[in-house]
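Dear colleague,

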Amino acid sequence: MAAPHDVFAPAKLGPLTLRNRIIKAATFEAATPNAVVTEDLITYHRLPAAGGVGMTTVAYCAVAPGGRTDGWQIWMRPEAVPGLRRLTDAIHNEGAAISAQIGHAGPVANARTNKAPALAPVRFFNPLSMRFARKASREDIAEVTELHANAARLAIESGFDAVEIHLGHNYLASSFLSPLINRRTDEFGGSLENRAKVARGVVRAVRHAVGDRIAVTAKMNMSDGVRGGITLEESLQTAKWLEEDGGLDALELTAGSSLLNPMFLFRGGAPVKEFSKAFKPPLSWGIRMTGKKFMREYPYHEAYLMRDAKKFRDELTMPLILLGGITNRQTMDKAMAEGFDFVAMGRALLAEPDLLNRIQADAAVQSICDHCNLCMPTIYSHTYCVRTGSPSPVSSGR
């Protein structure tokens, strides 16, 4: 058996060499009020880059205006490229790589703030936007597939080193995978093979568009955490097909549904009261009354997705990225010992962008993140750690 990887040693990710095996996970920054790069966004990613990550991931770079979860998110178009180039240059100057998370939010998209129709496998009501997503036609599916390829080409033009295709959290591709949401009876519904066509088609299109010029990864649910949704067994089969297709350089394993069970990914506190304050009545009243059912609370423990992820590691040969509860050197080393190739961190780096430099200097350093999840409601204003105030907004960016 091969010796475990050193998490702080350089590592290959497709055509890319990262300075270590630690990736800043995609977390919506709420730093693009006009859907283009700001100094806030640059600072948000520059800090963990200076703090030691191998690669940081920009979220969320939608492939179309109607594919955003909210209307102030970046969508990939030529007008966004100059700002994105400033962002990628800033990260490269810190010695890190940078990835663009590309995707279409599907039924999670906010048609009201996007001022554009949302798409879903079937007509679907989004209570946050108070709008219906319309059933995606075959033509819509073909167009969205090509839009992913176009977004990947724009990512290259913008200086990104990688793209991460969003196949999780019941965004469009994930909603097609879900037997609960996808009630279609055509070639995109019914069997898992049919439900996986959108995800597989998007990955193939992106790989064809970029070749080996940049790395291509994907984020995919192991489970929706919802009865009737994506199960681990079906997800593992989809992952095997993606591996056979050969379009990915690595797969990041995630969980939970932004529509139905978001806390299945974000273990720890469920800040219902704080979430309700982020919205206006009557939605805020509804969140206060029903929030505990929607935002179910799950206890936090280190590497909380590892048990399920190990089943993927046992049956796949492609590189895997472990997400969920990675906050200290001991957990990173355990992930490496279990055969994972990379780890992804989110909340811990939001609280302390320089955490990795300090851990590399002293393996006993522990994260101060207490998983209260009070950072989560801040994605509707300016994403930051409520405990530390990091990162602070930049006056020129807001």
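Helices, as the term is used here, are DSSP runs of H or I with at least four residues, numbered from the N terminus. Please bear in mind throughout that this is a predicted model.

Helix α4 covers residues 138-157. At 1.5 Å a residue, its 20 residues should span 28 Å, and the end C-alpha atoms lie 29 Å apart, which agrees. Its buried residues are D140, I141, V144, T145, H148, A149, A151, A152, L154 and A155. In an α-helix there are 3.6 residues a turn, so residues three or four places apart point the same way. After α4 comes G159, with a positive phi near 95 degrees.

The largest nonpolar core contains 122 residues, and I102 and F312 have the most contacts inside it. Helix α7 (residues 197-210) contributes the most to this core, namely eight residues. Another core, of 15 residues, lies apart from it and includes Y60, A109, A111 and A120.

The largest cavity holds about 110 Å³. It is lined by 13 residues, of which C369, D370, C372, C375 and C385 are the closest to its centre. By class, this lining has eight nonpolar, two polar and three charged residues.

A59 and Y60 are joined by a cis peptide bond, with omega about 15 degrees; Y60 belongs to strand β4. A cis peptide bond also joins S390 and P391, where omega is about -10 degrees, and P391 lies in the segment after α14 (355-361).

Two residues other than glycine have a positive phi: A30, near 50 degrees, and H169, about 60 degrees. A30 sits in the loop between β3 (22-24) and α1 (39-50), and H169 in the loop between β9 (162-167) and α5 (172-177). A30 counts as buried because its relative accessibility is 1%, and H169 does so at 10%.

Lastly, A80 is placed in the loop between β4 (55-62) and α2 (81-93). With a relative accessibility of 2%, A80 is buried. Beyond residues up to four places away in sequence, A80 touches V36 and W75.

Yours sincerely

Notes. Residues are numbered from 1 along each chain as its sequence is written. This is a predicted model: local features need pLDDT of at least 70, side-chain atom pairs count only at pLDDT 80 or more; totals for chains, interfaces and linings use all residues. Side-chain values use heavy atoms; hydrogens and water are left out. Helices (H or I, at least four residues) and strands (E, at least two) are DSSP runs, numbered from the N terminus. The expected span of a helix is 1.5 Å times one less than its number of residues. Buried means under 20% relative accessible area, exposed over 50%, partly exposed in between (1.4 Å probe, protein chains only). A nonpolar core is a set of buried Ala, Val, Leu, Ile, Met, Phe, Trp, Tyr and Cys residues joined through side-chain atoms within 4.5 Å. On a 1 Å grid over the protein atoms alone, a cavity is a set of points where a 1.4 Å probe fits but cannot get out, and a pocket is an open set with protein on both sides within 12 Å along at least five of seven lines; lining residues have an atom within 4 Å of a point. Grid points are joined across faces, edges and corners, and a volume is the space filled by probe spheres set on the points. Ala, Val, Leu, Ile, Met, Phe, Trp, Tyr, Cys and Pro count as nonpolar, Asp, Glu, Lys and Arg as charged, and the others, Gly among them, as polar. Contact means heavy atoms within 4.5 Å.
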